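Please keep the sequence and the model open while reading.

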Amino acid sequence: MDKEERPTPTVEDYLGVIYTLTRDGEAVIGRKLADWLEVSAPTVTATLQRMVRDGWVTMAHDKTIHLTEMGKRAAASVIRRHMLTELLLARVLGVPWSKVHAEADRLEHSLSAETTDAVENLVEDPRFCPHGNPLPGHEDLTQNLIPLLEAEVSQTYILARVHEEIEQNPDLLHFLEARHLMPGTPITVTAILPFNETITVQAEGVETVLGLNIARHLFVDRVPAKPCACGATSK
Ligand SMILES: [Zn+2]
């Protein structure tokens, strides 16, 4: 028998979202879960009741949901399986960036612990998923990233992270991919227009107008300083 305690796929999906919201310091309430998981409020309520009964979460008096120690372990396990599956699909199998999340959502529940470890050993630098989100245990690595909305106009950055919340939207991921807006790409902010609720960015010579509601889920990093003292590496 698997020594890892593994809940049903539905419960794993809930645990993953609760873990992510908690990581980001957000209060976890039923309505947010209903939004993320695209299920009805009564369904969320019924599932949460089962999860409380089975010891994955607790519910406080103010109705906020909290992972138990067992819930935390199970959540970290499914997120790790999800992200490593994404890395396998993207880096080894060549599945397009915009498709790996949905595909991993289906595969993650059935991956054995042995296969998961094997994937971790196979892919290079398995600390971030292909969207730039940190694997459990590496959360501190994204803490110094700059929200795109706080980036300076006409400054160039490296796009570093597309937050999990918009990974759920395949059309949006496809749009970002087509506009080269993927982690690792240099990106320049050309205009921020709060009155219009848009931000305009340029990546690989392509200009894209993003709504602020999308842009707030993107994070950038400073471009690493070039070694230039000897002039050897300047272009
Ligand atoms: Zn994903």
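## Helix crossing

A crossing is called left-handed if the near helix is turned anticlockwise from the far one by less than a right angle, and right-handed if the turn is clockwise. In this predicted model, helix 4 passes helix 5 in a right-handed crossing. The contact is formed by H82, T85, E86, L89 and A90 on the helix 4 side, and by W97, V100, H101, E103, A104 and L107 on the helix 5 side. Sorted by class, the residues of this contact are 6 nonpolar, 3 polar and 2 charged.

The axes of the two helices, helix 4 and helix 5, come within 8 Å and cross at roughly 135°, which makes helix 4 oblique to helix 5.

## Nonpolar cores

The largest nonpolar core has 29 residues, of which Y14, L15, I18, V57, A75 and L87 touch the most other members. Two or more residues each are given to this core by helix 1 (9-23), helix 3 (41-53), strand 2 (65-67), helix 4 (69-92) and helix 5 (97-107), and the largest share, 10 residues, comes from helix 4.

Leaving aside residues up to four places away in sequence, A75 touches L15, G16, I18, Y19 and L67. Apart from this core lies another, of 19 residues, which includes L148, V162, V201 and L210.

## The surroundings of R161

R161 belongs to strand 4 (residues 156-162) and is buried, because 21 other C-beta atoms lie within 10 Å. Not counting residues up to four places away in sequence, R161 touches H131, G132, N133, T142, L145, P183, L218 and F219. The C-alpha atoms of R161 and A74 are separated by 24 Å, the two residues being 87 residues apart along the chain.

Definitions and conventions:
Residues numbered from 1 in each chain as written. Predicted model: local features only at pLDDT ≥ 70, side-chain atom pairs only at ≥ 80, totals over all residues. Core = buried A, V, L, I, M, F, W, Y, C linked by C-beta atoms within 7 Å. Buried ≥ 20, exposed ≤ 12 C-beta atoms within 10 Å, placed from the backbone. Helix = DSSP H or I, 4+ residues; strand = E, 2+ residues; numbered from the N terminus. Contact = placed C-beta atoms within 7 Å. Axes fitted to C-alpha atoms, helices over the stretch in contact; angles between N-to-C directions. Parallel < 35°, antiparallel > 145°, perpendicular 65-115°, else oblique. Nonpolar A, V, L, I, M, F, W, Y, C, P; charged D, E, K, R; others polar.
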